[in-house]
Structure formats: structure tokens, C-alpha cells
Amino acid sequence: MKPAVFLDRDGTLIEERGYIDRLDLLSVFPWTADALRLLKRRGFAIVVITNQAAIGRGVIDEPFLREVHRALDARLAPAGAAPDAYYYCPHHPDAAIERFRMICRCRKPGPGMIEQAAADLGLDRRRSVMVGDRWLDVVCGHAAGTRALLVRTGHGAHEAEAPPPGAQADAILNNLMEAAGWILRNSSTP
Ligand SMILES: [Mg+2]
Ligand SMILES: [Zn+2]
């Protein structure tokens with residue numbers, strides 16, 4: 001089984017811009033491609049794990065979300081840094097669209113998306129790491145049995161100052177490139 005780096009999307013791979021409902025809102029951090037390429041080269045699968053309540057709320061639909069992810073792939077692929085897979089949770093307890101209105105296991109901080117990805121792709125959760133800019137990402141990773149890092153991009157600068165009770169990151173780093181360095185230093189060769 002392969003280890004993975006599970007990555008939050010908004011505020012971690014790309015600028016936090018609220019709901020991404022137009023392609024021109026997609027802004028990849030300048031270090032993202034290099035960070036992902038380093039991790040892939042060391043044998044980590046790269047899996048994006050993103051809450052997309054915008055779908056349940058009717059702000060965007062699933063075809064548009066796939067378009068956003070294709071656009072992200074197109075920016076990363078030339079650098080050999082395209083993610084291996086994307087998992088998203090379209091649900092929300094207050095979703096406007098009834099089929100998405102539920103309390104689910106996949107909405108972060110729930111571990112459902114990581115569990116599903118690990119089952120689908122044959123990933124070793126114990127040797128994997130979740131990286132995100134919010135405590136719910138850290139809690140999600142730990143709930144799924146991975147290590148978990150908080151980055152100070154996106155919401156991370158504020159979040160780092162106010163950890164909720166019981167939440168503790170394995171480390172807090174300035175950005176995804178620093179997180180990649182931490183992962184490479186703190187992982188045995190896959
Ligand atoms: Mg985020
Ligand atoms: Zn869900």
C-alpha cells in the first residue's frame with residue numbers, strides 16, 4: 001500500500017476566495033506545483049479532499065466543480081504535479097437541494113472522504129498525512145488515522161491562533177512547501 005498526502009483545496013493549494021463559482025477565481029499558490037512534485041517523486045499519492053457545500057446550496061453544480069478541477073489539473077500537469085484524485089463532499093445539513101441535505105460522514109471534519117480514497121486507491125492511512133488551513137482538516141486527518149498539518153495560508157493564520165479544544169496539529173507550517181519539507185523529513189522512504 002502506498003502512502004498519500006491528502007490535501008485540502010481552498011487556502012491550501014489555491015487562494016481562499018470563498019465559493020469558487022467562476023474559473024477566474026482559481027489562483028494557485030506559486031509553490032503548489034513544486035511542493036506536489038516533490039511529494040509525488042517520493043512516492044506519495046496526492047489526493048484532494050474538499051468540502052463543497054456550494055453544491056448542496058445550489059451555488060455551483062457538479063459538472064462545474066469537475067471543470068474547476070480540470071482547470072487545476074491543467075495548471076499543475078505541466079510541472080508533473082497533477083493530483084491523482086479529487087474527493088468532494090457536496091452535502092450540508094442545511095443544503096437547499098434536498099438530496100444533498102444530510103449529516104454525512106464525508107463532510108470534514110468527518111473522516112469519510114479519506115476512508116473512501118484509501119479504500120479506492122489502496123492507500124496506507126498510517127503512513128499518510130492530511131494538510132489543510134483549518135482545524136477541521138487537522139481533525140479530519142486524525143479521525144482517519146493520518147498525521148495532520150496546519151498551514152498558515154488561507155484561513156490558517158487566524159486558525160493557528162485559536163485551536164479548538166482537543167485539536168492539535170503534528171506541526172504548523174507557513175505554507176504547503178514547508179509542509180512538504182516536513183513530510184519528507186518525517187517519513188521513511190515509501
Ligand atoms: Mg481550506
Ligand atoms: Zn458528505
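These questions and answers cover a zinc site, a helix and a set of strands in a predicted model.

Residues are numbered from 1 along each chain as its sequence is written, and chains are lettered from A and ligands numbered from 1 in the order in which they are written. In this predicted model local features need pLDDT of at least 70, side-chain atom pairs count only at pLDDT 80 or more, and totals for chains, interfaces and linings use all residues, while side-chain values use heavy atoms, with hydrogens and water left out.

Q: Which residues coordinate the zinc ion (ligand 2)?
A: Donors are N, O and S atoms within 2.8 Å of the metal (3.2 Å for Na, K and Ca); water is not among the atoms, so sites may look incomplete. Cys 89 (SG), His 91 (ND1), Cys 104 (SG) and Cys 106 (SG) coordinate the zinc ion (ligand 2) at 2.0 to 2.3 Å. Their spacing in sequence is C-x1-H-x12-C-x1-C.

Q: What makes the arrangement around the zinc ion (ligand 2) tetrahedral?
A: Four donors count as tetrahedral if all angles lie between 85 and 135 degrees. The 4 donor atoms here subtend angles of 104 to 119 degrees, so the arrangement is tetrahedral. The ideal angle for four tetrahedral donors is 109.5 degrees.

Q: Why is Cys 106 counted as buried?
A: Buried means under 20% relative accessible area, exposed over 50%, partly exposed in between (1.4 Å probe, protein chains only). Cys 106 has 19% relative accessibility, so Cys 106 counts as buried. Cys 89 is buried too, with a relative accessible area of 0%.

Q: Which residues of H4 are buried, and what covers them?
A: Helices (H or I, at least four residues) and strands (E, at least two) are DSSP runs, numbered from the N terminus. The buried residues of H4 are Gly 112, Met 113, Ile 114, Ala 117 and Ala 118. What covers them includes strand E1 (4-7), strand E2 (45-51), E3, E4 and H5.

Q: How do you know that E4 and E5 pair?
A: Two strands pair if DSSP finds at least two bridges between them. Strand E4 (residues 129-132) and E5 have 4 bridges, in the parallel sense. Met 130 stands opposite Ala 148 in E5.

Q: What handedness has the crossover from E4 to E5?
A: A crossover is right-handed if, with the strands pointing away from the viewer, the path from the first strand over the helix to the second runs clockwise. The β-α-β crossover from E4 through helix H5 (residues 135-143) to E5 is right-handed.

Terms used:
Tetrahedral: all angles 85-135°; square planar, octahedral: opposite > 155°, others 65-115°. Contact = heavy atoms within 4.5 Å.
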